[in-house]
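This briefing goes with the sequence and model shown below. Please read the points with the structure open.

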2 protein chains.
Amino acid sequence: MFDFDFIEILGLVAAVLTTSAFAPQVYHTYKTKDVSGLSLPMYFIFLSGLLLWILYGVQTGSIAVIAANVVTSGLVIVLIVLKIKYGKTRS
Amino acid sequence: MFDFDFIEILGLVAAVLTTSAFAPQVYHTYKTKDVSGLSLPMYFIFLSGLLLWILYGVQTGSIAVIAANVVTSGLVIVLIVLKIKYGKTRS
């Protein structure tokens, strides 16, 4: 089912690049607790898309697609939790 | 090479959801011209990842992966252009 060849390594490099670009946002939000710019409905739409990508990755046997979207889902869940936790405090 | 079955439709729905979650950010930046929160190096890393995803999509014959990353690349290029154009003005 899974094929660890050049193409899959290419996909994993792509996954690392696109995911690592998203990580500083999460770190910044975690440190500053400034969630005013985050839209909760937007992140729920994003998360539902990521979950469908994981399903797509499983169906097509793509480790890169699964890995990228599992990691990004984790980061988005962190942002959603932070938004719910700190979203009520207006500064 | 391309197979328009249920799995590919699942991937395209995933693509629409994750891409549409990114679009409001681009629209917001375009309208406000506020690029202070955008990191140019981060967007270049993100763009290089997206280009590898497109290559991965072509190699694996995945229309969903190609479509999602072509559209997102276009949006990221808009953000990079806006950052370069308005980034020098500090408010």
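Predicted model: local features only at pLDDT ≥ 70, side-chain atom pairs only at ≥ 80, totals over all residues.

How do the residues of the lining of the largest pocket divide into nonpolar, polar and charged? They come to 21 nonpolar, 21 polar and two charged.

**Largest pocket**

- The largest pocket holds about 1400 Å³ of space.
- Its lining consists of 44 residues, and those closest to the pocket centre are Phe22(A), Gln25(A), Tyr43(A), Phe22(B) and Tyr43(B).
- Both chains contribute to this lining: α1, α2 and α3 of chain A each give two or more residues, and so do α1 (6–32), α2 and α3 (63–86) of chain B.
- Phe22(A), listed among the residues closest to the pocket centre, is also one of the buried residues of α1(A).

**Chain A as a whole**

- Chain A contains three helices and zero strands, and its elements run α-α-α from the N terminus on.
- Along the principal axes, the C-alpha atoms of chain A fill a box of roughly 50 × 20 × 15 Å.
- Of the 91 residues in chain A, 43% are buried.
- Among contacts in chain A with a separation of 6 or more, 74% are between residues 24 or more positions apart.

**Helix α1 in chain A**

- Helix α1 of chain A covers residues 6–32, which is 27 residues.
- From first C-alpha to last, α1(A) reaches 40 Å, close to the 39 Å expected at 1.5 Å a residue.
- The buried residues of α1(A) include Leu10(A), Gly11(A), Ala14(A), Ala15(A), Phe22(A) and Val26(A), as well as Glu8(A) and the threonines Thr18(A), Thr19(A) and Thr29(A).
- Cover for these buried residues comes from both chains, including α2 (40–60) and α3 (63–86) of chain A and α2 (40–60) of chain B.

**Helix α1 in chain B**

- α1(B) has 27 residues and spans 40 Å between its first and last C-alpha, close to the expected 39 Å.

**Contact between the chains**

- In the contact between the two chains, 28 residues of chain B meet 28 residues of chain A.
- The two chains bury about 2300 Å² between them, and 82% of that area is on carbon and sulfur atoms.
- On the chain B side, the residues losing the most area to chain A are Leu10(B), Trp53(B) and Tyr56(B), together 28% of what that side buries.

- Lys33(A) follows α1(A) and has a positive phi, near 55 degrees, although Lys33(A) is a residue other than glycine.
- Lys33(A) lies in the loop between α1 and α2 of chain A.
- With a relative accessible area of 35%, Lys33(A) is partly exposed.
- Lys33(B) is placed in the loop between α1 and α2 of chain B.
- Lys33(B) counts as partly exposed because its relative accessibility is 36%, a value in between the 20% limit for buried and the 50% limit for exposed.

Key:
Residues numbered from 1 in each chain as written. Chains lettered and ligands numbered in written order. Heavy atoms only, no water. Helix = DSSP H or I, 4+ residues; strand = E, 2+ residues; numbered from the N terminus. Expected span 1.5 Å × (residues − 1). Buried < 20%, exposed > 50% of the residue type's maximum accessible area, 1.4 Å probe, protein only. Contact = heavy atoms within 4.5 Å. 1 Å grid on protein atoms, 1.4 Å probe; cavity = no way out; pocket = protein on both sides within 12 Å on 5 of 7 lines; lining within 4 Å. Points joined across faces, edges and corners; volume = space filled by probe spheres on them. Nonpolar A, V, L, I, M, F, W, Y, C, P; charged D, E, K, R; others polar. Buried area = accessible area lost by both parts, 1.4 Å probe.
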